[in-house]
Amino acid sequence: MTDDQLLRYSRHILLDEIGIEGQDKLLKAHVLIVGAGGLGSPVALYLGSAGVGHLTTADHDRVDATNLQRQVAHTLGRVGEFKAESARQAIAAINPDVVVTPVTQRAEGALLDRLVGEADLVLDCTDNFATRHAINRACVKQRKPLVSGAAIRFDGQVAVFDARDARSPCYACVFPESELMEEALCATMGVFAPLVGIIGSTQAAEALKLLCGVGEPLTGRLLMLEGKRMEWSEMKLSRNTACAVCGGVHN
């Protein structure tokens, strides 16, 4: 670690739970962020500022004026640019030492499998069930920890699904693909601007904890926020041994 890095990350290094060893783990880590919008913005900015050495941001969408109410990685001057590229510029302005690989194609199929395989940890910052299930399948297949977040209107949730842990459920254990879920999109339902910041920041915190081996992650727990009352609640999650995705992995 250089003198400049020791200074930049000094507030992490001062934490006994992280220290130089934990910060070094962050500097050597490669994290995949799928979705560079409302949730992906705070995730990317916090992981970049915290010194995660390599970030891959995957998003095929472009910055729109309606995004600027909540997607804090983007600016008016970057309207029309790919969100993944805009996020790269935002991270570079804070911490140019971080390597950021923007992926401007839809993360699916062989591409998604490759991106998950290259990363140490994956964050799902998307807004549709089909993509969430595809990310989950890839993470289970390649035994990569997944930090999942969702936010709509005034409600948000965060959970960690870790295929390395035999006790951990996967996303499909909790939200089976066989059960048709009503898709609630912020384009039609709306979303309270700070909500995505709160949920995305919580995702970033869980990712940093996992990478450093600090504290107790949200594995096997669903943390839910009701934003109008600013009230958190927690639900314990159990692994479904008959799950179509992870049922045979640890059996």
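User: Where is Val34 found?

Analyst: Helices (H or I, at least four residues) and strands (E, at least two) are DSSP runs, numbered from the N terminus. Val34 belongs to strand E1, residues 30-34. A quick note: this is a predicted model, where local features need pLDDT of at least 70 and side-chain atom pairs count only at pLDDT 80 or more, while totals for chains, interfaces and linings use all residues. Residues are numbered from 1 along each chain as its sequence is written, and side-chain values use heavy atoms, leaving out hydrogens and water.

User: Is Val34 buried or exposed?

Analyst: Buried means under 20% relative accessible area, exposed over 50%, and partly exposed in between (1.4 Å probe, protein chains only). Val34 counts as buried because its relative accessibility is 4%.

User: Which residues is Val34 in contact with, leaving aside neighbours within four places in sequence?

Analyst: Contact means heavy atoms within 4.5 Å. For Val34, the partners include Ala58, Ala107, Val122 and Ile135.

User: What about Arg78: buried or exposed?

Analyst: Arg78 sits in the loop between strand E2 (54-58) and H5. Arg78 is buried, since its relative accessible area is 12%.

User: Which side chain does a polar contact of 2.7 Å join to that of Arg78?

Analyst: A polar contact is a pair of N or O atoms within 3.5 Å; within protein, one must be able to donate a hydrogen and the other to accept it, and residues adjacent in sequence count only if both atoms are side-chain atoms. Here the partner is Ser86, joined side chain to side chain at 2.7 Å. The backbone oxygen of Ala73 also lies 2.7 Å from a polar atom of the Arg78 side chain.
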